Amino acid sequence: MDVRRRNMPSKPKHASIPADRTKWSEKSQRTLSAEFIREYKDRRYQCWHCRVEAVFTAADQRYTYEVKKAPIDQQRILCEACWRRSITIKAELSACGETWEKSRGERRSDIGFLKRWLGLLEEQEEYIPYKPDSAKKNMLRKLIGGAEEP
């Protein structure tokens with residue numbers, strides 16, 4: 001049986017886009033990476049949260065580093081779906097903080113609000129492993145415990 005290479009599915013080619021280092025942030029232009037990065041290539045990675053395989057495309061890299069001016073050494077750790085969820089959590093946490101600042105007195109005993117806020121803080125840690133807010137979580141646990149006692 002003659003199995004020929006042309007009948008085998010080919011590996012997908014990774015896209016490559018030239019890097020314009022003059023469009024990077026000033027800090028990125030001064031890094032060691034600036035000496036070595038000449039192009040962006042699709043990079044495969046595993047999502048930190050859901051473990052699905054994802055791709056940081058060359059086009060996304062160009063946008064991230066040249067338009068958004070993100071640090072050139074910044075890498076993606078979340079797939080798009082998990083990243084979007086993390087952004088939603090961040091917005092909801094911000095809304096909780098604003099609500100707390102406006103009506104702290106009445107929210108201190110609002111168990112539903114306190115549990116929701118605590119749940120969001122705990123969920124955020126599943127997406128962003130390096131930013132736990134222990135002080136706020138401890139405050140919320142104390143308030144919940146105090147409000148639930150008879």
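Where is histidine 49 found? Keep that question in mind while you set up the view.

**Before you start**

This is a predicted model, so local features need pLDDT of at least 70, side-chain atom pairs count only at pLDDT 80 or more, and totals for chains, interfaces and linings use all residues. Residues are numbered from 1 along each chain as its sequence is written, and side-chain values use heavy atoms, with hydrogens and water left out.

**The whole chain**

Show the protein chain as a cartoon. It has seven helices and four strands. Both are DSSP runs numbered from the N terminus: helices are H or I with at least four residues, strands are E with at least two. Follow the chain from the N terminus and the elements run β-α-α-β-β-β-α-α-α-α-α.

Now colour by burial. Buried means under 20% relative accessible area, exposed means over 50%, and partly exposed lies in between (1.4 Å probe, protein chains only). Buried residues make up 29% of the 150 residues in the protein chain.

Contacts come next; a contact means heavy atoms within 4.5 Å. Take those between residues at least 6 apart in sequence: 51% join residues at least 24 apart.

**Stop 1**

Select residues 43-46, strand β3, and residues 53-56, strand β4. The two run antiparallel and are joined by four bridges. Strands count as paired if DSSP finds at least two bridges between them. Click arginine 44: valine 55 of β4 stands opposite. Click tyrosine 45: its bridge partner in β4 is alanine 54.

Look at the two faces of β4. Ala54 and Phe56 are on the covered face. Glu53 and Val55 are on the uncovered one. In a regular strand the side chains alternate between the two faces of the sheet.

**Stop 2: the turn**

Six residues lie between β3 and β4 in the hairpin. Histidine 49 is found here, in the loop between the two strands. That settles the opening question. Histidine 49 is partly exposed, with a relative accessible area of 27%.

What does histidine 49 contact, leaving aside its neighbours within four places in sequence? Show Leu78, Cys82, Glu126 and Tyr127. Then check a distance. The C-alpha atoms of histidine 49 and leucine 78 are separated by 6.6 Å, yet the two residues are 29 apart along the chain.

Stay in this loop and select arginine 51. Its phi is positive, near 70°, and it is not a glycine. Most residues other than glycine have a negative phi. Arginine 51 is partly exposed, with a relative accessible area of 48%.

**Stop 3: helix α3**

Select residues 58-67, helix α3. Which of its residues are buried? They are Ala58, Gln61, Thr64, Tyr65 and Glu66. They cover an arc of only 165° around the axis, so they sit on the same side of α3. The arc is that of the directions from the helix axis to the C-beta atoms. Now show what covers them: β1 (16-18), β2 (39-41), β3 and β4 are included.

Step past α3 to lysine 69, in the loop between α3 and α4. Lysine 69 has a positive phi of about 65° although it is not a glycine. Its relative accessible area is 39%, which is partly exposed.

**Stop 4: α4 against α6**

Select helix α4 (residues 80-102) and helix α6 (residues 111-127). Their axes come within 10 Å and cross at roughly 145°. Axes are lines fitted to C-alpha atoms, for helices over the stretch in contact, and angles run from 0 to 180 degrees between N-to-C directions.

Show the side chains that make the contact. On α4, include Cys82, Ile89, Leu93 and Trp100. On α6, include Phe113, Trp117, Leu121 and Tyr127. The residues of this contact divide into eleven nonpolar, four polar and four charged. Here Ala, Val, Leu, Ile, Met, Phe, Trp, Tyr, Cys and Pro count as nonpolar, Asp, Glu, Lys and Arg as charged, and the others, Gly among them, as polar.

**Last stop: arginine 21**

Go back to the loop between β1 and α1 (26-29) and select arginine 21. Arginine 21 is partly exposed, with a relative accessible area of 29%. Leaving aside neighbours within four places in sequence, arginine 21 is in contact with Gln29, Ala34, Glu35, Ile37 and Arg38.
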